[in-house]
Amino acid sequence: MSLINEIIRTLQNVLVLPSFYFMLIQSAAPILLAALGCAVAAKASATNMGMEGIMTFTALIAVLVSSALGGSKGNGPWVGLVVAIAVGALLGFLISVFAFRLKIDIILVGIAMNLIGTGASVFLMYLLTGDRATTTSLQSGTLPQIAIPFIKDIPFLGEVLSNHYILTYFSYILVFIMSFFLFKTKLGLRIRAVGENENAAESVGISSLNIKTIALVISGAIGGLAGAYMSECYLAYFSSGLIAGRGFVGLAACSMGSANPGVICLCCLAFGIFYAFSNFATLSNLSIYALNALPYAVVLIGLVIYSVYTRKKELKRLQGLDSEEHSENKA
Amino acid sequence: MENYLVMQDVTKIYNNGIIANDKVNFSAVKGEIHAICGENGAGKTTLMKMLFGIEQPDEGKIIIKGKDMKLNSPTDAIKAGIGMVHQHFMQVPSLTVAENVMLGIEPTKGLVFDMNEAVRRTKECCEKYGFEINPKAEIQDLSVGVKQKVEIVKALVKGCEILILDEPTAVLTPQETKELFVQLKHLRDTGCTIIFISHKLNEVKELCDRVTVIKKGKTIGVWNIKDVTEADISRYMVGVDVDLNIPKAPAQPKENVLTVKNLTVYNEAGKKKVDDISFSVRRGEIVGIAGVEGNGQRELIDVITGLAKYSHGSIVLDGKEVKDMEIADLREHGMVHIPEDRNLYGCARTMSIKDNMVADKIHKDEYNSGLFLNEKKIKEDTDRWVDEYLVLCDSGEQLVGMLSGGNVQKVVVAREFTSPSKLLISDQPTRGIDVGAAEFVRKKMVEMRDAGEAIILVSADLAEVMSLSDSLIVMHGGKINGYFKDVKSLTEEDLGFYMLGVKHMSEEEIKGALHE
Amino acid sequence: MNKEKKPMFKKLDSEAKFSLLRMAVAIAIGLTLAVILIVLSAENPAESLKYFFLGPLQILNPNVAKGLAFNYFDFWIQSMIPLLFTGSAVCIMFSANKFNLGLEGAIMCGGLACGWVCCLLDGDIKAANANPVLCAILGLLVGAIAGGLITSIPALLEKKWGASVMVSSLMLNYISLYISRFCLFSTEFRDLKTSKYSNQWTEEVVLTFKKFLGTKLTLRLGLFIGIAVVIFAWAFLFKTKWGFKIRELGHNPNFAKYVGVGVISMGVLVQIIGGLIGGLCGATVILGNNNFYYGVELTGYGWDGVTMAIFSGNNPKKLFLATAFIAYIRAGALIMSTAPGGPINELTKIVEGVIILFLLAEKFLAKTHRKMIVKEAKEKQALKLANEAKEAE
C-alpha cells in the first residue's frame, strides 16, 4: 500500500511540473522518428530491423560533418543533418538490395546492419577523434531551439511547448506529413498496395521490387533524421551507447500502431510519459531503476492489447461475412 | 470482324516437361460470350494466362484485331485491351473500391492521389455498365459477389474490350450468379467480348453464345451453344482414353471403418462448402470420390484428415468420434494420408529421404533407444523402403527436393503405407507423376485393400477413379450427387453427367453410401 | 544393392561443395575488409596486422608472452564461452523458425538470479552450513530457470494472443536490463562499499581456477559447460525425436502439422529451451569471472548468438569452429587495439556483419552454383551412359 501511496504522491509532484511535459515531448521525439521510419517500410510489408544501426551510424555522421564545418558557428549542424539523412537513405537502399535482390531474410539483414552500423560508428569515431567513448571533443554543436512567439509567453503551456529544438517540432509535424504521404499520395497508395497484396500490384503493372526499395530508402532517410536528432538535439555529441535501443522501441511502437502514423504518435507519447516519469522519480523514494523498466513494459502491454484487438476485429469481420452469407442463403 | 481475337496453334510446355497446350486453336468475335470448357488440367487456365501475358507461348500466334501480338506481361495485355478476372481476386483489402480500381493508372494532382477523380471515374464506369458499387467502400467489408464486380470494373476502366473470367461463379451464391449474368449480357451488348471459363454447364448453356471444348491440351471443337446440349458438351469434355487395366479381384467389404454422418463444413470465410453429407467406408474396399474441383472434396478431406476442424455432424473413425482429435491422435488411430499437394504438405523438401520416410513414426518406441533415436533401425528400415518402393536416388541421405515428382510421391507413399493403419486417404495420388510411378502407386493401393485396408480415393483423373474404385461417390455443390455401388456398371458419360450436375440421383439412392 | 566399397572420404555433392565455397568466399571478403580497415587506420599497419592475425597465439611464444600485460590466449578461450551457449540457444530456436530475440534478457536475468542465490547462500557457506559446489550448481540451475522464464513470456504471448515474438522479446531485453539494475542498485543485493557491484560471495563458488595446478593456465569450467551445452544442443536437435520434430517444423511447418507435430507447443518449447540455455550462459559468465554481480549493461551475447547460428547454419556441431573463429578475431582485434597506435577492436563487428550478409545471400555466386549443378548433372549422365555401355557389352 505504501508503494501505491508513494507512486501517487510522486505523480502529484511530477504532473504539475512543466519541465516534465517538456521532457516528455523531447524524449518521445526520436522514438517517434524511428517508428515513422519503420512504418513506411512496414506498410510495404518489410520489417526494418536495421533501424538501430542506421540511427547509430547516422548520429555519428551528423556530428562529424557538423564539426568539420565548424559546428554551431556555421551551418555545420544543418549540413550534418542533410548528410545524415542521405547516408540513412543509402543504408536503407543497401538493406533493400540484400533483402530483395540477394534474397536474404530482411530481419537477418537488419541484424547484420545493426552490427555493421554500431561497429562502423565506433571505428570511425576512434579513427577520427582518437576517443573510444564520445565525441565531446568535437564541438559539433546543436540545431537551433525555437521560442514560439505568443505561446512562449503563456504560463505553463509556454514552458511546455516553446523552446524545443527545431527537429522536435518537425518530428511531430512529420506525423502529419507521413499520414498524408501514405494515405493521400500516389506513391503512398502504391506502397500500401504492394505491402498488402503484392500480386494485385504486379497484376496492374506496378513493380513491387521498386516500390519496396523506395519504401526502404525513405525509411532509412527518416532513420538518418532520427540519428541526427540524437546527436544534434537530444545531446550535443555522439557516444557509443547513444541510441540505446531507441531503434528497437521505434520498431515496437510501429508494429503496435499497425504502421499508422497517428496511432504510432500516441504510442510514442505513452512511452514518453513513462520515460519522463522515470527520470523525474528522483523526487521520490521510488527506485529509478524499476521505473526505467516501465516504458518498455508499457510498450509490451500495448503490444498485447493491440494483438488482442486486431484478433477480435478479424474474427468479427469473418463473422460479419458469415452472417451476411447466411442471410443471403435464406433470401 | 474475322480476326478479332485468334489464338493459333498455341503450344505451351512447362519447365517440368508437361505439355499444357498442344497446338490449341481458339478464336472469338466482337460482342460474344464465349465459353471454354474442359476438365481440370485440360489447359484452359494456361491458355488464358498466355492471352493475359502471364505466360508466354512456346509456339503459335496470338492475333488481336488483325495484329500479331507479343504479350510479355499483363501490362502488355492490358494495353491490348484485355482484362482478366482471376479466381483469386487481385485486390488490396484495406483500400477502397476506387483506389483498387485505379491502382496502376492513378489520377493525380501533382503528387497527390486525386481521390475525387478516382471516385468519379469509378462511378462513371459502374454506371455505364450497370454495376451498383459504392466506390468509397473498403474491399475488406464487401461480400465476394461485390468483390468480383470490382474486379470486372477494374478491367473495364482500363478500356478492356476482351474480358476473361476464370471460373467466376465458383465463389458466388445463386443470387449473385444471376445478377452477374445480367451484367455480363449487358456488357456483351455494349460490344465487349467475354471469355467465360466454367465447369458449370447449365451456366454455360444459359449465358454463352459459343463454346470451345479443350481436352488434354488440345482443342476438341467449337460449337454454337444452340446446337449442343449440356449432355453433348459433357461428352466432349470427359473422356477416358485408356483403360488403366489394373488387375484386381472384386472387393470383399467388411465392417465400417469410417462413418461420416450429416457432415457440414464451412470454410474460413463462413461459406458452406460441404453440405450435410453421409457415407461410410468399409474394410477392404476403395471408395472413390469424384467431382469437379471446388465442389467440397478439398474441405471434406481436410476435416477427415484433421487439417481443418468441423462443427456440424460427426465423423467416426474405428468407433471413435474424431472431432477433438489432433492429427497425431488420428494417426495413432490408424489414419494415413497421401496429401493432394505433396510439396506443401507431403514432404519437407530440404530434409533427407530417410527423414521424410520416418517423419510420422519417429516417436514410436522401435525408432528410439532411450532418449535417443535408434539411427541404425531408422537407416535399415528406410533403406529397405527405398528399395521396396523403387525410389530412384543415390542414397537415403539425399534431399527430397532433388528428386523427380514421381520419386517424391514414392517417398510419401512409402512413409504412409509402412505405418500400421486402418484407413488410407489417398488424395490425387498420381497427379503429375510419370506412368511407371503412377502404376506402382495404384498397384500398392490394391494390395493394401486386399490386406483389409479401408481406402478413400480422391482423384481428378477419371480413368484412375473409375478403374481403381470399388464404389464411387460423386460430389457436386458440396453434396453427394450420386453413389455407385459398383463402378463397373458406370459409364464415363454418366459420370460426367453427375459430376457436372446434369443428372441427379434420388435421396434414397444416395443414402446407399452410408452402410449401417 | 550398393555393395561397392565406401570411399574413404565422403564425396561431396555439388550442394555441399557450393556451401563450402560460399563460406570460404564470405570469410575471405570479411577478412579482406578487416585488412583494408586496419591498413587504413593503423599507425603501423604491419604490426597491427601481425597482432590481429597471430596475437592470440603469441602467448605460446614465451618471449612475447612476457611482454604482454594480459593473457590473450586466455581471452580467446574466454570469449568463446558465451558464444557456445548463445549459439546453441539460437540454433535451437532458429531451427524451428522462431525469431525470439530475448536471449539478451535471458542472459541478464540468468546472471542476476545466479548472483542472488550465491549472495543468499554466502552466509551459510561461510558458516560451513552449505557446500560451495552445490551452491554453484544451484546458482546455475536457478539462472537457467530465470532465463527460461524470460523467453517463455514472448512465446506464451504469441500463443495466447498472437503478439509478435520478435517485438515483445526485444522489449523484454530492456525490461530485464532494468530489473537487473534495480536489483543491483535499489535492493540489499547492492554492496554499499563499492556501490557498483553486488555483495561479494566467497571465491570458492567461482568457476575459474587461476594458475591451474600451479601452471600459468587458467582453467575455466565455463568452457566445459559451454562445450557440454553445444553437445547437448546437437544431440537434442539431431539425435532425439523432439529435435527431429523441431527441425521438421523449421523445414516445412505444413508438413510438420500433417505428420502430427504439435506445432504450437513445439514452438513454445524451443523458446523455453533457448531461454534456459541463455540463462545458464548468464550464470556461467557471472560465476566464471568474479565473486560479485555486475550486470548494468546488456551483454550483446544474445546478438552474438544470432551471428553464431548463421555461421553454423543452425547446426551446433559447427559451432566449435565458428565460435573459435569469431572469438579468435575478436581476441586478435583486442590485442591490436591495446597496442599503441592500433585501430579499435570494434572493427570486428563490421567484419562479422559483412560475413553474415555474404553467407546468407542466396543469389550471391548463383551463377557459379548453377555451373556446379550443371557440371555434376553432366558427370552423372556420363557415368550412367558409361555404365549402360558396360552392361550392353
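Here are a few exercises on the structure above, each with a worked solution.

Before you start: this is a predicted model, where local features need pLDDT of at least 70, side-chain atom pairs count only at pLDDT 80 or more, and totals for chains, interfaces and linings use all residues. Residues are numbered from 1 along each chain as its sequence is written, while chains are lettered from A and ligands numbered from 1 in the order in which they are written.

**Exercise 1.** Find out how confident the predictor is about chain B.

*Solution.* Start with the score itself: pLDDT is the predictor's confidence in each residue, from 0 to 100. Chain B averages 86, and 97% of its residues score at least 70. Next, go element by element. Helices here are DSSP runs of H or I with at least four residues, strands are runs of E with at least two, and both are numbered from the N terminus.

**Exercise 2.** Work out why the radius of gyration of chain B agrees with that of a compact globule.

*Solution.* Take the rule first: 2.2 Å times the number of residues to the power 0.38, with the radius taken over C-alpha atoms. Along the principal axes, the C-alpha atoms of chain B fill a box of roughly 70 × 55 × 45 Å.

**Exercise 3.** Describe how the two domains of chain B meet.

*Solution.* First, get the bounds: domain 1 covers 5-237 and domain 2 covers 256-513, as set by an automatic or database domain assignment. Their centres, over C-alpha atoms, are 34 Å apart. Now look at the contact (C-beta atoms, placed from the backbone, within 7 Å): 11 residues of domain 1 of chain B touch 10 residues of domain 2 of chain B. On the domain 1 side, α7 (201-207) and α8 of chain B give two or more residues. The largest share, five residues, comes from α8(B).

**Exercise 4.** Decide whether Ala46(C) is buried or exposed.

*Solution.* Locate the residue: Ala46(C) sits in helix α2 (residues 45-54) of chain C. Then count C-beta neighbours within 10 Å, with C-beta atoms placed from the backbone: 20 or more others means buried, 12 or fewer exposed, in between partly exposed. Ala46(C) has 10, so this residue counts as exposed.
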